[in-house]
Amino acid sequence: MALPHCYDGKTHLPIPSGKYVVGCTDIMTAGDTENGSFCRIFYPTKLKDPYEYSSRWAKYLPHEMYVEGFTAVGGFRVYFLGKRLISWAFGNSYIPVVEDADPSDEQKHFPVIIFSHGMKACRTTYSIFCSDMSSHGFIVAAVEHRDGSACLSYNLEREENDKSLVEKWIAYKSTSFEGEELAFRQQQLQIRTRECSQTLDLLFKLNAGTQIEHILQPTIDFGMFKGIMDVSSPIIAGHSFGSATLLRTLAADKRFKVGLAMDAWMWPLKDEIELAKNVAQPVLFINSEAFQTVPNLNTMKLFTVDADHTERRVVTLKGSVHYSQNDVPCLLPWYIRRFTYHSAIDPLVAIELNNRISLLYLRKHLGHPADEELSKLVEKHEHLINEGIA
């Protein structure tokens, strides 16, 4: 099917492949950026047909300001033309998940995933992955990092002597000098690690029915999440800088039991020899063929070669590029992809393989029964998968 997909006049991401129709809601808790949490939660719902509720699908850009954010980090030679392209491709697109729908009560407890985005992204940039996982019975909290690594983010703060909340925008931060970048990225990793743990804290509170001070949509009833999560074996996933974040988080927060590292950017961890020894959990690395370099893979080996105590699997998707694991290729028509995000592998096949391999790995380590349909699809495209680090 041609990309991007379209239904009832709406350009949209691919429909999630699992049995559940997916819902979503954004949560921002009160406090400054150090103490508050900001994420989008994807979850299985009671609904039966995603197309029936297309009028309630979530917009891809959660705020018009994100057009500015994506344009600013896009590297466009002509800013005005870049803004027009972003507004056209992203601003009029939808995620086929139903906003604020009632969660499913079909299954007693759904496992949870915390997702950490890469640089210049935001909480919606990996919606295909997050919604697909959710459609297979997971509750996924996609963090929006407010360390300056997102294309744009914000916090709601009260003005002095005024009860109203005002948006305080956080732009993407870059370093001016190459020599300063490592220390800068490591500082961001500390913030990101804290934010992932705080997001898991938030899920624990929602599952327990604890009242939270929610300031983004204060009228929504979060009691609907009480008792529906399995928080015994939390998973953390991420892409690029988000994968470096998850490795740091696995070492720091032992509540997380499994890691999914997509096209990990290992450079910020290159000097942290001891970190690998502190990560005891199983980790799946899914790499793109175009992004990985010898130095990057050498750092990755620190987490795989001597990990006899647990499973560390590394797979590479042949013909894939760094963006094959996020939403961007599926929002652009072929005549734009060929110049900007071209890959030898079909974008839909790449993201489908990425998600199926992830689901099989998670089912194995959560003790869930094997899924023959997932296995068949992976076997069908076995020729596109390389095992191990070459």
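Y7 is partly exposed, with a relative accessible area of 33%, and Y51 is partly exposed as well, its relative accessible area being 33%; the term covers values between buried, under 20%, and exposed, over 50%, for a 1.4 Å probe and protein chains only. The model is a predicted one, in which local features need pLDDT of at least 70 and side-chain atom pairs count only at pLDDT 80 or more, while totals for chains, interfaces and linings use all residues. Residues are numbered from 1 along each chain as its sequence is written, and side-chain values use heavy atoms, with hydrogens and water left out.

Rings of Phe, Tyr and Trp (its six-membered ring) pair if their centres lie within 6.5 Å, and planes under 30 degrees apart count as stacked, over 60 as edge-to-face and the rest as tilted. By this rule there are 15 aromatic pairs. Y7 and Y51 form a tilted one, at 4.6 Å centre to centre with 55° between the planes. This pair links distant parts of the chain, 44 residues apart, since Y7 lies in strand 1 (residues 5-7) and Y51 in the loop between strand 4 (38-44) and strand 5 (57-59); strands are DSSP runs of E, at least two residues, and helices runs of H or I, at least four, numbered from the N terminus.

The ring centres of F222 and F225 are 6.2 Å apart and their planes are at 20°, so this pair is stacked. F222 counts as buried at 11% relative accessibility, and F225 is buried at 0%. One aromatic cluster is formed by F38, Y66, Y154 and W169.
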